[in-house]
Amino acid sequence: ETINRKYVDTEDHYHVLLTADIIWSWLQDRFGYTHYPIITGDNGSGKNSQLLVIKFLGYRVFYVVSASAANYYTKMGNIEEGQITIAEDEADDIAIDKEKRNVIKNGYSSGGSVPKVELEGGRKSDDWLVYCQKWFSMEELPTRREIKGILDRCFVLRFVPGDAQYNIKDIIN
């Protein structure tokens, strides 16, 4: 929590949840369910800084901007569940991209998979695992109708501009 507070200026109870989620990412394969943090806020509110903190402190974090469902499958793999944590910035399309939405809706609990057929080298079917913790950031939530089914699995955190002790982007450089 101390490290998170250095780089992200947000409400105290958010720090508790976000810190617990960072720790949870290391243990997610031991549980049958997870939730997803969705961070919303204007430019300069610390959304991206929070995702960068999880990138460096979380378990095998796939930090990405505007990923496709295929990107998700490739990173999550088909061997064992909970092998990555997804941290997606500018994730506004989670309500529009049907395939990605289905991965998110199904991936909060253990046992979910998506079948895909590989045509290269002959017809071969694989089941891609979708269970893992996923973090999303966006400026605004899509309409409730568009994001229905995803919100049931999320904690929505509203960030506002603040004054963090350090800028994580400066530290990274």
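Residues are numbered from 1 along each chain as its sequence is written, and side-chain values use heavy atoms, with hydrogens and water left out. In this predicted model, local features need pLDDT of at least 70 and side-chain atom pairs count only at pLDDT 80 or more, while totals for chains, interfaces and linings use all residues.

**Exercise 1. Helix α2**

Task: Determine what span helix α2 (residues 12-25) should have, and which of its residues are buried.

Solution. 
1. Helices (H or I, at least four residues) and strands (E, at least two) are DSSP runs, numbered from the N terminus. The expected span of a helix is 1.5 Å times one less than its number of residues.
2. For the 14 residues of α2 this rule gives 20 Å, and the end C-alpha atoms are 20 Å apart, which agrees.
3. Accessibility is classed by relative accessible area: buried is under 20%, exposed is over 50%, and partly exposed lies in between (1.4 Å probe, protein chains only). The buried residues of α2 are Y14, H15, L18, T19, D21, I22 and S25.
4. Viewed down the axis of α2, these buried residues fall within an arc of 160°, so they line one face of the helix. The arc is that of the directions from the helix axis to the C-beta atoms.
5. On the other side of α2, D12, H13 and I23 are exposed.
6. The cover over the buried residues of α2 includes the helices α1 (2-7) and α3 (47-57), together with the strands β1 (36-40), β3 (85-89), β6 (134-138) and β7 (154-158).

**Exercise 2. Cysteines**

Solution. 
1. C132 is buried because its relative accessible area is 1%. C154 also counts as buried, at 13% relative accessibility.

**Exercise 3. Salt bridges**

Task: Give the number of salt bridges, then describe the pairs made by K100 and by E99.

Solution. 
1. A salt bridge is a side-chain nitrogen of Lys or Arg within 4 Å of a carboxyl oxygen of Asp or Glu.
2. The structure holds 5 salt bridges.
3. K100 pairs with D93, with 2.8 Å between the closest N and O atoms. K100 is buried at 0% relative accessibility, whereas D93 is partly exposed at 22%.
4. E99 pairs with K116, the closest N and O atoms being 2.6 Å apart. This pair links distant parts of the chain, with E99 in helix α5 (residues 98-106) and K116 in strand β4 (residues 113-118), 17 residues apart.
5. E99 is partly exposed at 37% relative accessibility, and K116 is partly exposed at 28%.
6. Salt bridges that share partners join E1, R5 and D12 into one network. Within it, R5 and E1 have their closest N and O atoms 2.7 Å apart.

**Exercise 4. Residue Q133**

Task: Locate Q133, decide whether Q133 is buried or exposed, and list what Q133 touches.

Solution. 
1. Q133 lies in the loop between β5 (124-129) and β6.
2. Q133 counts as buried because its relative accessibility is 0%.
3. Contact means heavy atoms within 4.5 Å. Not counting residues up to four places away in sequence, Q133 touches D21, W24, S25, Q28, T34, H35, I84, T85 and I86.
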